[in-house]
Amino acid sequence: MENIYSEYERRTKNSKRVFERARKVMAGGVSHNIRYFSPYPFYVKKAKGSRVWDIDDNEYIDFWMGHYARILGYAPRIIADELKNVIFEETHLGFVNEYEVEFAELICEVVPSAEKVRFCCSGTEATMYAVRMARAFTGKNVILKIDGGWHGANTELSFAIHKPYEEDESAGIIPEIKKYTRVIPFNDIENSVRIIRENKDDLAAILMEPVVGAEFIPADLEYLKVLREETQKIGALLIFDEIITGFRIALGGAQEKFGVIPDLTTLGKIAGGGMPIGVVVGKKRIIDLCDPTAENTDKLVLTGGGTFSCNPLAMVAGIKMVSYLRENKDKIYPQLNQKGNKIRKELERVFNSYGISVRCNGCGSLFRICFPVKKEIKVKNPKDVRDFTDVEKREEFNLRMVNKGVHLMRGGGAVSLAHTDKDIEKTIQAATEVAGEMVKKVNFLN
Ligand SMILES: Cc1ncc(COP(=O)(O)O)c(C=O)c1O
């Protein structure tokens with residue numbers, strides 16, 4: 001690893017200096033932990049299309065794509081032009097505006113589970129509100145989540161995300177969380193059904209991603225169908241967190257692709273067209289629990305925070321983004337899927353050709369590599385990745401790729417429309433060189 005670090009430090013001297021400044025005034029030098037990587041992250045000064053440039057003038061093909069939000073690539077012209085046309089001279093008003101109505105109508109047209117909409121400012125808020133609505137609607141308390149599932153910094157769901165799963169994800173969280181937030185194993189029908197039935201008397205909802213963002217592992221269709229049936233049988237809600245998959249796996253999200261329709265859905269990322277956003281959508285009678293004009297306000301759910309909610313810029317950018325995806329969906333999604341398939345297949349081929357066992361998980365435009373410790377290991381859920389693959393090797397792969405001008409997040413990322421065939425070829429070429437380096441290292445150590 002030393003050589004990779006020194007190579008990185010040689011390329012990123014300015015970033016190192018800025019990071020040293022940052023550490024003095026910001027905890028760990030960052031405001032979002034995922035943006036840190038060892039030895040220090042590079043600082044970006046410009047981004048366009050599939051590329052970012054750091055303050056040392058290194059150019060990277062990027063697959064992090066703004067936390068997977070930039071499905072059109074960075075700085076898409078069509079959205080920038082639209083924002084310029086926003087008539088507001090202020091960036092923030094705090095009044096209702098017509099854009100939010102237009103955007104809510106559009107979302108209801110394209111997302112299968114959306115009968116009504118509530119906007120907020122982040123995905124974390126969206127999952128927080130969805131949990132609240134589920135509890136109010138059912139009058140029950142327990143939320144079942146997937147082990148390894150991340151739903152933002154939401155306190156109530158900050159459990160069983162990383163290893164060791166049995167411990168709280170953060171200090172400062174009341175231990176009682178575990179009493180009401182419990183865990184089901186992803187893609188494991190038998191054990192999930194057992195836990196659902198054990199909790200049925202107090203089960204408010206199952207909240208899950210249909211393609212788990214931690215490793216981009218898609219749910220088996222049968223698994224989703226069983227969760228849908230079981231929740232319906234016992235009067236609990238099924239909530240899909242489609243903050244990554246919404247507008248990405250298909251225009252209507254993973255629910256459209258799988259044909260399994262949840263009661264509530266949380267959206268974010270792509271929906272904001274590059275501006276901050278969170279959205280909760282779902283059945284009218286659930287979303288209407290937030291209606292301050294309702295006659296019966298006994299069950300009124302507070303979702304009204306958010307000084308910046310429905311910010312006109314976010315609404316305009318979101319309308320443009322979703323309209324564009326809708327108008328071009330027949331071209332966009334096959335193209336994204338084809339590029340995603342290619343990158344997954346090629347990464348596996350390249351490493352396997354060097355005798356290094358890898359698995360590249362993913363779905364559509366999402367991909368993520370992992371290094372199983374034994375060839376025969378099957379990776380069915382994020383826990384398998386953490387228990388049975390070499391995550392340090394993946395970090396090494398990541399940094400080696402950075403040194404070759406390709407930025408991935410934990411060995412993976414999201415293909416955007418801005419990624420050309422050439423970008424994909426260059427990425428595979430870089431991975432081939434990295435595989436060669438990694439196999440040499442192993443041979444040397446042996
Ligand atoms: C699946 C999922 N849910 C929720 C969130 C939280 O969204 P935000 O970062 O906008 O708060 C994220 C963010 O990464 C996410 O991936």
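Me: Which residue in E2 is the bridge partner of Lys48?

Reply: The bridge partner of Lys48 in E2 is Arg51. This is a predicted model, in which local features need pLDDT of at least 70, side-chain atom pairs count only at pLDDT 80 or more, and totals for chains, interfaces and linings use all residues. Residues are numbered from 1 along each chain as its sequence is written.

Me: How do E1 and strand E2 pair, and what is the order of the strands in the open sheet?

Reply: Strands (E, at least two residues) and helices (H or I, at least four) are DSSP runs numbered from the N terminus, and two strands pair if DSSP finds at least two bridges between them. Here E1 and strand E2 (residues 51–54) pair in the antiparallel sense over 4 bridges. The open sheet has 4 strands in the order E1-E2-E3-E15, with mixed pairing, and its edge strands, each pairing on one side only, are E1 (44–48) and E15 (406–407).

Me: What should helix H13 span?

Reply: The expected span is 1.5 Å times one less than the number of residues. For the 25 residues of H13 (residues 329–353) this gives 36 Å, which agrees with its end C-alpha atoms being 36 Å apart. Just after H13, Gly355 takes a positive phi of about 80°.

Me: Which residues around the ligand come nearest?

Reply: A residue is near a molecule if its C-beta atom, placed from the backbone, lies within 6 Å of it. Of the 15 residues around the ligand, Ser122, Gly123, Thr124, Gly152 and Ile243 come nearest, while helix H6 (residues 123–138) supplies the largest share of the shell, 3 residues.
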